[in-house]
Amino acid sequence: MTKRIIVGVTGASGSVLALETIRQLVRGGAETHLVTSKSARMTIAYELGADGLAQLASLANHTHSPQDLAAPIASGSFRTDGMIVVPCSMRTLAAMAHGLGDNLLTRAADVVLKERRRLVVVPREAPLHEGHLDAMLRLTRMGAIIAPPVPPFYVKPASIEAMVVEMAARLVNWAGVDPGDKLTRWGEKNVATRQLF
C-alpha cells in the first residue's frame with residue numbers, strides 16, 4: 001500500500017536535505033504532500049537558487065500553501081502515514097511543541113501528533129539553549145522523533161552530497177518508507193572498506 005507522507009520545510013538552513021528527502025520518498029513509492037513556510041521560501045532561494053522551490057514542488061505529488069488551513073492535511077480524517085519537518089527552525093519547533101497550529105505546516109504536525117502518526121523533526125540550530133531542549137523534550141514525550149541532521153561518519157562519505165543522501169535516507173526510514181540502498185545499514189555492508197575523501 002502506498003505511504004502518504006507530509007514534508008514540511010521551514011526557514012532553517014538545510015534546503016538541500018529537504019530536496020533529497022523528497023527525492024527518496026518518491027523513489028520509495030510514497031505519495032508526498034509538500035508545505036513550505038514563508039521563511040523557507042527565502043532560504044530555499046538562497047541555498048538552491050531561484051528555481052529551488054520549483055524543484056521541490058516538481059517532485060512532490062501535492063503542494064500546499066502555508067496559509068491554506070482548509071487543505072486536506074489540516075484534518076485528522078485525511079489519512080497520512082506521517083510527516084517529516086526538514087529542516088525545522090526553532091520557531092516551528094516551539095510552535096509544534098505547544099500545539100500552536102497557526103499555519104498549515106504547524107497544524108499538519110499537530111494533526112500527525114494527535115492522530116498518533118509518525119512525526120520526524122529535523123532541528124537545525126546550534127548551540128541549543130534550554131528553551132530549544134525543552135521543546136524537543138515535549139515533542140519527544142508526545143511521540144515525535146527528534147532527528148538532528150548528524151552525519152554518520154562511520155560510513156566514510158566521500159562528499160557532502162553522499163553525506164546528505166545518507167542523512168535523508170535515515171529520515172525517510174524513520175518515517176516508515178524504505179530508502180533502499182541509500183541507507184547504509186550496519187552489518188549489511190562492509191562500510192570499513194570505503195575510502196575517506
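Strands β2 and β3 pair in the parallel sense, with three bridges between them. Within this pairing, His33 has His62 of β3 as its bridge partner. The model is predicted, and the pLDDT averages 94 over the chain.

**Sheet**
- The open sheet consists of six strands in the order β3-β2-β1-β4-β5-β6, and the pairing is parallel.
- At the edges stand β3 (62–64) and β6 (145–146), each of which pairs on one side only.
- Strand β1 (residues 4–9) is joined to strand β2 (residues 31–36) by six bridges, and these two strands run parallel.
- Opposite Val9 stands Thr36 in β2.
- Strand β1 is mostly covered, since five of its six residues are buried.
- In general, the strands of a sheet pair through backbone hydrogen bonds, in either a parallel or an antiparallel manner.

**Helices on the sheet**
- Helix α1 (residues 15–27) lies across β1, β2, β4 (82–88) and β5 (118–123), and runs at about 155° to β4.
- Helix α5 (residues 104–114) also packs on the sheet, where it touches β1, β2, β3, β4 and β5.
- The direction of α5 makes about 135° with that of β4.

**Packing of α2 and α3**
- The axes of helix α2 (residues 38–48) and helix α3 (residues 52–59) are 7 Å apart and form an angle of about 105°.
- Angles of 65 to 115 degrees count as roughly perpendicular, and α2 and α3 are therefore roughly perpendicular to each other.
- From α2, the residues Arg41, Ile44 and Leu48 meet Gly52, Leu53, Gln55 and Leu56 of α3.
- The residues of this contact comprise four nonpolar, two polar and one charged.

**Leu17**
- Leu17 is found in helix α1.
- The relative accessible area of Leu17 is 7%, under the 20% cut-off, and Leu17 is therefore buried.
- Not counting residues up to four places away in sequence, Leu17 touches Val86, Val122, Pro149, Val164, Met167, Ala168 and Leu171.
- Leu17 and Pro87 are 70 residues apart along the chain, while their C-alpha atoms are separated by 7.3 Å.

**Confidence**
- A pLDDT of at least 70 is reached by 95% of the residues.
- The pLDDT is below 50 over residues 193–197, a stretch that has eight contacts in the model beyond near neighbours in sequence.

Conventions:
Residues are numbered from 1 along each chain as its sequence is written. This is a predicted model: local features need pLDDT of at least 70, side-chain atom pairs count only at pLDDT 80 or more; totals for chains, interfaces and linings use all residues. Side-chain values use heavy atoms; hydrogens and water are left out. Axes are lines fitted to C-alpha atoms, for helices over the stretch in contact, and angles run from 0 to 180 degrees between N-to-C directions. Helices (H or I, at least four residues) and strands (E, at least two) are DSSP runs, numbered from the N terminus. Angles under 35 degrees count as roughly parallel, over 145 as roughly antiparallel, 65 to 115 as roughly perpendicular and the rest as oblique. Contact means heavy atoms within 4.5 Å. Ala, Val, Leu, Ile, Met, Phe, Trp, Tyr, Cys and Pro count as nonpolar, Asp, Glu, Lys and Arg as charged, and the others, Gly among them, as polar. pLDDT is the predictor's confidence in each residue, from 0 to 100. Buried means under 20% relative accessible area, exposed over 50%, partly exposed in between (1.4 Å probe, protein chains only). Two strands pair if DSSP finds at least two bridges between them.
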